[in-house]
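Subject: Structure handover

Hello,

Here is the structure for you to look through. My notes follow below it.

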Amino acid sequence: MPRPADLEQKLGHRFADPGLLVQALAPGGEGEFQRLEFLGDGVLGCVIAEALHARFPRLDEGKLSQLRAGLVRESALAEAAQALGVAPEARASTRADTVEA
């Protein structure tokens, strides 16, 4: 598991509450991790939707939805987690959940 400071550097983002980052990377309680995953799933979907909307102004809603679905699918999130060094020993679904959290 990467150190939070290393992950922040890789992402180019400083987290306002580093404690939440630590919690997402090494969940202590299953309930809180699932809550973070739920929140992260919504935020990720919103960020991706906004980016696609801005980048592809001529695409219709159906095509934008297809692109978003491809970007937030489990295997894509697992690849992102692997590239960041997050939970390298975990199953792909666990890495994807960690990215969402």
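Helices (H or I, at least four residues) and strands (E, at least two) are DSSP runs, numbered from the N terminus. The model is predicted, so local features need pLDDT of at least 70, side-chain atom pairs count only at pLDDT 80 or more, and totals for chains, interfaces and linings use all residues. Residues are numbered from 1 along each chain as its sequence is written, and side-chain values use heavy atoms, with hydrogens and water left out.

**Overall**

The protein chain has six helices and zero strands. Along the sequence, the pattern reads α-α-α-α-α-α. The chain has 101 residues, and 27% of them count as buried. Buried means under 20% relative accessible area, exposed means over 50%, and partly exposed lies in between (1.4 Å probe, protein chains only). The accessible surface of the chain comes to about 6,900 Å². Carbon and sulfur atoms account for 56% of that surface. Accessible areas come from the Shrake-Rupley method with a 1.4 Å probe; for residues, only the protein chains shown count as cover.

Now contacts, meaning heavy atoms within 4.5 Å. Take those between residues at least 6 apart in sequence: 39% join residues at least 24 apart.

**The core**

Which residues make up the largest nonpolar core? They are L7, L21, L25, A81, L84 and V86, six residues in all. A nonpolar core here is a set of buried Ala, Val, Leu, Ile, Met, Phe, Trp, Tyr and Cys residues joined through side-chain atoms within 4.5 Å.

Helix α2 covers residues 18-25, and L21, A24 and L25 are buried in it. Seen down the axis of α2, the buried residues fall within an arc of 95°, so they line one face of the helix. The arc is that of the directions from the helix axis to the C-beta atoms.

In α5, the buried residues are A76, L77, A78, A81 and L84. Just after α5, G85 takes a positive phi of about 80°. Q82 counts as exposed because its relative accessibility is 54%.

**The salt bridge**

A search of the whole structure finds one salt bridge. The term means a side-chain nitrogen of Lys or Arg within 4 Å of a carboxyl oxygen of Asp or Glu. Which side chains meet in it? They are those of R14 and E8, at 3.3 Å, N to O. Side chains of opposite charge can pair when their charged atoms come close.

Are the two partners buried or exposed? R14 counts as exposed, at 68% relative accessibility. E8 counts as buried, at 11%. E8 is found in helix α1 (residues 4-11). Leaving aside neighbours within four places in sequence, E8 is in contact with H13, R14, F15 and L21. L21 also belongs to the largest nonpolar core.

V99 sits in helix α6 (residues 92-100). V99 is partly exposed, with a relative accessible area of 29%. Setting aside residues up to four places away in sequence, V99 touches L77 and A81. Both of these are buried residues of α5.

- Q82 to V99: 17 residues apart along the chain, 9.8 Å.
- V99 to D41: 58 residues apart along the chain, 8.8 Å.
- G42 to E100: 58 residues apart along the chain, 8.5 Å.

G42 is found in helix α3. G42 counts as partly exposed, at 44% relative accessibility.

**The surface patch**

F38, L39, V43 and V47 form a nonpolar patch on the surface. Together they have about 440 Å² of accessible area. Patches are made of residues with over 30% relative accessible area and no salt bridge; like charges are joined within 9 Å, nonpolar side chains (Val, Leu, Ile, Met, Phe, Trp, Tyr) within 5 Å. V47 lies in helix α3, which covers residues 30-55.

**Helix α4**

L67 lies in helix α4 (residues 61-72). L67 is partly exposed, with a relative accessible area of 28%. Not counting residues up to four places away in sequence, L67 touches L52, F56 and L59. L67 and A49 are 18 residues apart in sequence and 9.0 Å apart in space, C-alpha to C-alpha.

Best wishes
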